[in-house]
Amino acid sequence: MTTPPLAAGGMTSQFPGQQAQAARDVNTASLCRIGQETVQDIVLRTMEIFQLLRNMQLPNGVTYHPTTHQDRLGKLQEHLRMLSVLFRKLRLVYDKCIENCAGLEPVPPEQLIPYVEDDGSKLDERSANQTRAASEERREVLEVNKKLRQKNQQLKQIMDQLRNLIWEINSMLAVRS
């Protein structure tokens, strides 16, 4: 998962004014998304680095192939280089977010949550309706459980009768033969 760069550095465009305007129009939310993706990339690269390190053999007297060692070392250095690039990118995103939010004053979270005040009577009426519905539902559940127990008892009696009948039939057949 790679993230797009913040600014298209090194690229020449036919419309340099539009490109600069687009770079300024990046809002804080999209910067945060880019930052989140960058953090995910950092975690992914770090996991890959640990995987490479886990697979490397320690030089404990065992002969190793220099080419394999050089390949793994090259991969490790490439991952470390990419990791430092990602950290620099994350720092840029962080600084830009701080810059965008510098003029804002902190807003208490209570003001961010929409809340409609109700009359106390409406609130009491709602809670009474909810309590009534819950007690009615509980009563229905208890009724169904009672019927279920009765049916289970009837089934048990029928099974006992069938067992006794089969026992008697087997006894009669045993006596007959």
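Start by selecting L155, I158, L162, L165, I169 and L173: together they make a nonpolar surface patch with about 550 Å² of accessible area. A patch here joins residues with over 30% relative accessible area and no salt bridge, linking nonpolar side chains (Val, Leu, Ile, Met, Phe, Trp, Tyr) within 5 Å and like charges within 9 Å. Accessible areas come from the Shrake-Rupley method with a 1.4 Å probe, and for residues only the protein chains shown count as cover. Click on L155, which sits in helix α5 (residues 120-176). L155 is partly exposed, at a relative accessible area of 48%; buried means under 20%, exposed over 50%, and partly exposed lies in between (1.4 Å probe, protein chains only).

Before going on, a word about what is on your screen. This is a predicted model, in which local features need pLDDT of at least 70, side-chain atom pairs count only at pLDDT 80 or more, and totals for chains, interfaces and linings use all residues. Residues are numbered from 1 along each chain as its sequence is written, and side-chain values use heavy atoms, leaving out hydrogens and water.

**Colour by confidence**

Now colour by pLDDT, the predictor's confidence in each residue, from 0 to 100. The protein has a mean of 81, with 77% of its residues at 70 or more. Which element has the highest mean pLDDT? Helix α2 (residues 28-55) does, at 92, whereas helix α1 (residues 16-24) has the lowest, at 51. Select residues 7-15 as well: pLDDT is below 50 there, and beyond near neighbours in sequence this stretch has three contacts in the model (heavy atoms within 4.5 Å). Where pLDDT is low, the predicted coordinates should not be read in detail.

**Switch to cartoon view**

Helices (H or I, at least four residues) and strands (E, at least two) are DSSP runs, numbered from the N terminus. Of the 177 residues, 10% count as buried. The accessible surface of the protein comes to about 15,600 Å², and carbon and sulfur atoms hold 59% of that.

**Follow helix α3**

Select residues 66-100 next. Show the side chains of L76, H79, L83, L86, K89, V93 and C97, which are buried. Against which helix do the buried residues of α3 pack? They pack against α2. Then pick Y94, also in α3 but partly exposed at 47%. Draw a distance from the C-alpha of Y94 to that of C32: 8.2 Å, although they are 62 residues apart along the chain.

**Look for salt bridges**

Side chains of opposite charge can pair when their charged atoms come close. A salt bridge here is a side-chain nitrogen of Lys or Arg within 4 Å of a carboxyl oxygen of Asp or Glu, and the whole structure has five.

- E78 and R81, in α3, three residues apart or about one turn, with closest N and O atoms 2.7 Å apart.
- R91 and D95, with closest N and O atoms 3.3 Å apart; they are four residues apart in α3, so about one helical turn separates them.
- R163 and D160, at 2.8 Å from N to O; these are three residues apart in α5 and so about one turn from each other.
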